[in-house]
Amino acid sequence: MGTSQSVNPSVKNNPNWGDLSRAISTASRSENISENQLHGIMRHFVRAVGGSGAGHGRSSTFGRAGVNRAQRFMSFVSDTQRHGFNEAILQLGIVDVANLSVNDFINYLLAHCSAGNSNLDETAANAAMDELLKHILDNVQSLGDIESIFQQANIETQHEWLCFFFASYIMEFSDELFSTRIFEKEGDRVRTFQEIRNYILRSLEEINVQDGMQNINWQGEQGNAIIENLQTEILEIWSQE
């Protein structure tokens, strides 16, 4: 984690970030972090980013970059399944396919999905995409392995990938804001953020938008709407008291 990005003044001056900071700090000093504490942390996060409306790009702080990165990634998955792996990687700007290594491919795909890093939202989304690609491609040995993973990814798998991305996105954004200030004197940063991440992933298990994910033009308004709706639904989990 860690995006090494300057913080937007609107973030620093938002009192809701102080509430989130205190909630994380209290949890980090707890021997056992409770479900209520974890829910409270996420409730404060949603308030701080402007409510669940941030999922539809209504916040200048958080949300827009996540939609953009997720949409680019899903477009690549769709291109692979519709037109074949070789055709899809040509769209990434790869010319010398014959000499392409696994690491080269991952770097190309990451660059394709991660355009821009001018603010915290963008760099957090880029870092989350890096985490997603590691999650998916951690044990691949060849381009053939990569092709099989994307070709065989059904709707359930793609939905799981999106949920993992958005969980990572939230964590990357929060980590940059709070890890140094909160944990420089006390508290277990690694344990705290891992417990928050696990809680987010548990919370997303009940979300089901899979029925609307078939035959989507991910590069167009249809794809944009599905990603925004999913991000909004995720944030709405914690928007209620």
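Guide: Helices (H or I, at least four residues) and strands (E, at least two) are taken here as DSSP runs, numbered from the N terminus. On that basis the protein chain runs α-α-α-α-α-α-α-α-α-α-α from the N terminus on, with eleven helices and zero strands. The model is predicted, and local features need pLDDT of at least 70, side-chain atom pairs count only at pLDDT 80 or more, and totals for chains, interfaces and linings use all residues. Residues are numbered from 1 along each chain as its sequence is written, and side-chain values use heavy atoms, with hydrogens and water left out.

Burial comes next. A residue is buried under 20% relative accessible area, exposed over 50% and partly exposed in between (1.4 Å probe, protein chains only). Of the 241 residues in the protein chain, 52% are buried.

Phenylalanine 45 has 1% relative accessibility and so counts as buried; phenylalanine 173, with a relative accessible area of 1%, is buried. Another pair, phenylalanine 62 with tyrosine 169, is stacked because the ring centres are 4.3 Å apart and the planes are at 20°. Here too distant parts of the chain are linked: phenylalanine 62 is in the loop between H3 and helix H4 (64–83), tyrosine 169 is in helix H9, and 107 residues separate them. Both phenylalanine 62 and tyrosine 169 are buried. Ring pairs tie Phe45, Phe62, Phe165, Phe166, Tyr169 and Phe173 into a cluster.

On a 1 Å grid over the protein atoms alone, a cavity is a set of points where a 1.4 Å probe fits but cannot get out, while a pocket is an open set with protein on both sides within 12 Å along at least five of seven lines; lining residues have an atom within 4 Å of a point. Grid points are joined across faces, edges and corners, and a volume is the space filled by probe spheres set on the points. Searching the whole structure gives two cavities of 30 Å³ or more.

The largest cavity holds about 40 Å³ of space. Its lining consists of Leu20, Ile41, Met42, Phe45, Ile170, Met171, Ser174 and Ile196, and helix H3 (35–48) and helix H9 (155–183) each give at least two of its residues. For residue classes, Ala, Val, Leu, Ile, Met, Phe, Trp, Tyr, Cys and Pro are nonpolar, Asp, Glu, Lys and Arg are charged, and the others, Gly among them, are polar. By this scheme the lining of the largest cavity has seven nonpolar residues, one polar and no charged.

The second largest cavity has a volume of about 30 Å³. Phe62, Phe166, Tyr169, Ile170, Gln231, Ile234 and Leu235 form its lining, to which H9 and helix H11 (221–236) are the elements giving two or more residues. Six residues of the lining of the second largest cavity are nonpolar, one is polar and none is charged.

Helix H9 contributes to open space as well. The largest pocket contains about 200 Å³. Eleven residues line this pocket, with His159, Glu160, Cys163, Leu204 and Glu205 nearest its centre. H9 supplies the largest share of that lining, six residues. The lining of the largest pocket splits into five nonpolar, three polar and three charged residues. Cysteine 163 counts as buried because its relative accessibility is 6%. A disulfide would be a pair of cysteine sulfur atoms within 2.5 Å, and the search of the whole structure finds zero disulfides.

One more ring contact belongs here. A charge sits over a ring if NZ of Lys or CZ of Arg is within 6 Å of the ring centre and within 35 degrees of the ring normal. Arginine 197 meets this over the face of phenylalanine 164, at 5.6 Å from the ring centre.

Conventions:
Rings of Phe, Tyr and Trp (its six-membered ring) pair if their centres lie within 6.5 Å; planes under 30 degrees apart count as stacked, over 60 as edge-to-face and the rest as tilted.
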